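Welcome, and thanks for taking a look at this one with me. Please have the sequence and the 3D view open as you read.

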Amino acid sequence: MTGQPTDFDARARTWDRDPAKLERAQRVAAAIAARVPGLAARTMLEYGAGTGLLGLALQPLVAHVTLADSSREMLAVAQGKIAARRVGNASTLRLDLAAGPAPELRFDLVCTLMTLHHIPDTDGILRAFHRLLSSGGFLCVADLDREDGSFHGPGFQGHRGFDRADLGARLERAGFQNVRFETAFEIEKDTGAGPRVFPAFLAVAER
Ligand SMILES: C[S@@+](CC[C@H](N)C(=O)[O-])C[C@H]1O[C@@H](n2cnc3c(N)ncnc32)[C@H](O)[C@@H]1O
């Protein structure tokens, strides 16, 4: 896979300096661990893993974790952590499911944190997640609830969060069942109109 450096490439080396990002990943990891049965036997894909904050929080609990992202620099940071911590059950994968078909890989758990809103074709990515999951696998999506666009500000090309009912219907159309939502965390952020709190959900669905 080739591609021009992205804004995420430029932010990779300083990404983990924000304690809020670490705390959010820990909270979502705890919620996933409480909702998904049999973690110890599951292989996991974290899609849009960035520096691997969520995947590496779950790594001690799962059989293997693959940290996938389209950003070469994010993956370099994630790979550095895997090497420094001598983690034996984690690897990185450069992957952009929006740019091509899903690879012939299967996982028992697919997780994604704050990435779905960056992917224009929601139905397409949910179908790709479904293809990547083995039967009985779980999908966990954590992302922003519907917002007015002030989270990213003017010019952002992605989604302004998600309406839970709409995303739930899309998950079911993609083939998932037993879809449930909970509020997982909040993000405090300065916007053009001052500081705001943005709620975010965790959706858990079964293949
Ligand atoms: C907001 S960051 C979240 C990173 C990480 N999940 C976290 O919570 O710290 C979004 C991540 O999604 C990745 N990303 C954006 N579009 C992508 C795509 N089409 N395929 C794979 N990764 C993508 C970016 O490179 C970035 O690492």
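Here is a short tour of the sheet, its strand pairs, the helices beside them and the nonpolar core. Please keep in mind that this is a predicted model.

**The sheet as a whole**

- The model holds an open sheet of 7 strands with mixed pairing, and the strands follow the order S3-S2-S1-S4-S5-S7-S6.
- Strand S3 (90-94) and strand S6 (177-191) are found at the edges. Each has a single partner strand, so one side of each has no neighbour in the sheet.
- From one strand to the next, the twist averages 15°.

**Strand S1 and its partners**

- If you look for strand S1 at residues 43-47, you will find it mostly covered, with 4 of its 5 residues buried.
- S1 pairs with S2 in the parallel sense, over 5 bridges. Within this part of the sheet, glutamate 46 has leucine 67 in S2 as its bridge partner.
- To get from S1 to S2, the chain passes through helix H3 (residues 53-58), and this β-α-β crossover is right-handed.
- S1 also runs parallel to S4, and 3 bridges join the two.

**Strands S4 and S5**

- Strand S4 (residues 107-113) and strand S5 (residues 133-144) form a parallel pair with 6 bridges.
- Cysteine 111 turns up here too: its bridge partner in S5 is cysteine 140.

**Helices against the sheet**

- Helix H6 (residues 164-173) packs on the sheet, where it touches S6 and strand S7 (194-206). The direction of H6 makes about 135° with that of S6.
- Helix H4 (residues 72-84) lies across strand S2 (64-69) and S3. Relative to S3, helix H4 runs at about 170°.

**The nonpolar core**

- The largest nonpolar core has 59 residues. The members that touch the most other members are Val28, Leu54, Val110, Leu139, Cys140 and Ala142.
- Which strand gives the most to this core? That is S5, with 7 residues.
- Leaving aside residues up to four places away in sequence, alanine 142 touches Val28, Leu113, Met114, Ala184, Ala200, Phe201 and Leu202.
- Cys140, one of the core members listed above, is the cysteine 140 that bridges to cysteine 111.

Notes:
Residues are numbered from 1 along each chain as its sequence is written. This is a predicted model: local features need pLDDT of at least 70, side-chain atom pairs count only at pLDDT 80 or more; totals for chains, interfaces and linings use all residues. Two strands pair if DSSP finds at least two bridges between them. Axes are lines fitted to C-alpha atoms, for helices over the stretch in contact, and angles run from 0 to 180 degrees between N-to-C directions. Two residues are in contact if their C-beta atoms, placed from the backbone, lie within 7 Å. A nonpolar core is a set of buried Ala, Val, Leu, Ile, Met, Phe, Trp, Tyr and Cys residues joined through C-beta atoms within 7 Å. A residue is buried if 20 or more other C-beta atoms lie within 10 Å of its own, exposed if 12 or fewer, and partly exposed in between; C-beta atoms are placed from the backbone. A crossover is right-handed if, with the strands pointing away from the viewer, the path from the first strand over the helix to the second runs clockwise.
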